[in-house]
Every structure is written in structure tokens, then in C-alpha cells.
Amino acid sequence: MPELPEVETVRRRLEPHLTGRRFERVDIFDPRLTRPHDPAEVAAELTGERVEQVDRRGKYLVFRFESGRVLLIHLRMTGNVLYTDEEANGDDSHRRSVIRLDNGADVVYRDVRRFGTWLLLEPGELDPYLATRIGDEPLGRRFTVAALAARLAGRRAPVKAALLDQRTLAGLGNIYVDEALWRARIHPLRPAREVTADELSALRRGIRQALQAGIRRQGATLRDYRQPDGTRGRMQAEFKVYGRTGAPCDRCGAPIEKTRVAGRGTWYCPACQRP
Ligand SMILES: [Zn+2]
């Protein structure tokens, strides 16, 4: 599932192509994409909109239009936003929508599992919509050690579960939480409220470094994630713990172990990340 580094990579690749472009024609083939709204109505509303900015909040891709409206895209499990200079043709049963731009290029939304969502918001609706759903940006200025401490304080849940909660921080998922906890040398099952002041500082740094590493390598392609030009990310070759059961820890050589936290496969170094 795409996390912050994957969505940020998509954003960076799309922005130069989309900024200033007008949606000349929009086709939405899958009613699940815009549910409960009628796909034909959403497509009609989007037609004619001009892109002012391609933004991101957490795992959401945000197309901001000059009109003040916003298209909020969540890729969920397997969503991909692809860009092609030419008309997108060929038979692709996983294609859920095509946006024709005013320069003849196509933006194709593809989604095998069909959990992705598109939501068209009117001016002023974005901030209240996101406020109840996601917390601060981990790469933003507001993400301080004090802010992280406040988010984890009093929480009995394992620190990993707390970090997977999008209201704690926006954009972390199963991969980058494991990577961040390894960097911070914190066991994933440690209750969030027992993380010490020193560890909080290491955790903040670990989160930022893990995410930045992911962005530098254009995200991680385990299965479906692709950049807008169809190429894979490279972060999967750089994981410190994720998916590396039995492989030696980069720091101490101990074999990486797998457990389950909050129902999710979880990897950690038993020597560096003691309970
Ligand atoms: Zn280790």
C-alpha cells in the first residue's frame, strides 16, 4: 500500500505535467471510485477545471484547482496515477478513469483491487475534512519532539499501532513505521506512553530519515506501486527490517525477526530493539 514516500513521489512527478493544465474530458468507468456520488456527475463537474497545484497531505494526493475546488485522491491498496504524453489506448480492465488534458496528454487512474477513492470537494471543505482524519505532516515544521510526545502520551497501545493511526501522524504505514522504529532502536510492541524522552527524539529523527530515504528512492514497489511514468520505485532494495526475516541486521548482525502488531506483519531486530 502506498505510504507517504510513494504518494509524494507521484506528486512530484505529476506536478510539472499538470500545473496550469485544464481537464478537457474526464471519463470515470468505475462507480466505486466516487461512491456514493454518481461517477458521470463527478466527471462532468471535473471537466473544465484547471489545475493550480498538485499537493499531498498524508497519503492523500490533492489536485487543487483554480476554482478553489479540490480533487482528493486516496490510492489505498493498489491505486496508480499514470501520465502519458499521448492518448492512453489499449485494453486495460484495471483502468478506472482517464483524464484528457488540454495539451492532449492523458492522466490514467488504474486500480487492481478497486479500494482507491476520488472525492471532489468544494472551496473551503478540504481542511475540515482532513482535520478529523489525519494529524501533522511528519516532514513538516510542526512535527517536533514535543508534538510527538503529546500524540503518544497516555496511550497504552503499542508504539507501532499508535504510529499506524493516521491521526497521530499523517502518511505512515506498515513499511515505514517498521523502518523508523529500527532506526530509533525501539521495540514495536513497547507501549506508546512508555517511550522515553531520549527515545522520542530518536523516533522523530528515525521517522523523518525513513521517509526521506523512501522519497530519495522514488518509493517502494512490492507489487503494484508505480511512478506516473510506469517505472518502479527502488526503496524495496534498501529496507533495514521490513520483509527481511532471518537476514542480518545492518547495525549488529543479529537475524531480523518477524512478529505481529495490530494485526500487521512487523519486522524488527531483537538485539537493537529490546522489549
Ligand atoms: Zn540489530
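Me: Hi! Leaving aside neighbours within four places in sequence, which residues is Arg-96 in contact with?

Reply: In this predicted model, Arg-96 touches Asp-27, Ile-28, Phe-29, Asp-30 and Leu-33, and also Tyr-109, Arg-110, Asp-111, Val-112 and Arg-114.

Me: Where does Arg-96 sit in the secondary structure?

Reply: Arg-96 lies in strand S6, which covers residues 95–101.

Me: And is Arg-96 buried or exposed?

Reply: Buried: the relative accessible area of Arg-96 is 10%, and the cut-off for buried is under 20%.

Me: Which residue forms a salt bridge with Arg-96?

Reply: Asp-30 does, with the closest N and O atoms 3.7 Å apart. The two partners are 66 residues apart and link distant parts of the chain. Asp-30 is in the loop between strand S1 (23–28) and helix H2 (31–34), while Arg-96 is in strand S6.

Me: How accessible is Asp-30?

Reply: Asp-30 has a relative accessible area of 5%, so it counts as buried.

Me: Nice. How many salt bridges does the count come to?

Reply: The count is 25. Side chains of opposite charge can pair when their charged atoms come close.

Me: What about Asp-165, which partner does its side chain meet in a salt bridge?

Reply: That would be Arg-167, at 3.2 Å from N to O. Asp-165 is at 19% relative accessibility, so it counts as buried.

Me: And Arg-223 with Asp-224, how far apart are the closest N and O atoms there?

Reply: They are 3.7 Å apart in that salt bridge. Arg-223 is exposed, with a relative accessible area of 67%, whereas Asp-224 is partly exposed at 22%.

Me: Which residues are linked in a network of salt bridges?

Reply: One network joins Glu-8, Arg-11, Arg-12, Glu-15, Arg-56, Arg-57 and Glu-137.

Me: Changing topic to the whole chain: how many helices and strands are there?

Reply: The protein chain has 8 helices and 10 strands.

Me: What share of the residues is buried?

Reply: Buried residues make up 52% of the 275. The chain exposes about 12600 Å², with 44% of that supplied by carbon and sulfur atoms.

Me: Last one: how far apart are the mean positions of the positive and negative charges?

Reply: They are 8 Å apart, for 49 positive and 38 negative charges.

Definitions and conventions:
Residues numbered from 1 in each chain as written. Predicted model: local features only at pLDDT ≥ 70, side-chain atom pairs only at ≥ 80, totals over all residues. Heavy atoms only, no water. Helix = DSSP H or I, 4+ residues; strand = E, 2+ residues; numbered from the N terminus. Buried < 20%, exposed > 50% of the residue type's maximum accessible area, 1.4 Å probe, protein only. Areas by Shrake-Rupley, 256 points an atom, 1.4 Å probe, with all protein chains shown as cover. Lys, Arg positive; Asp, Glu negative; His and termini not counted. Charge placed at Lys NZ, Arg CZ, Asp CG, Glu CD. Contact = heavy atoms within 4.5 Å. Salt bridge = Lys/Arg side-chain N within 4 Å of Asp/Glu carboxyl O.
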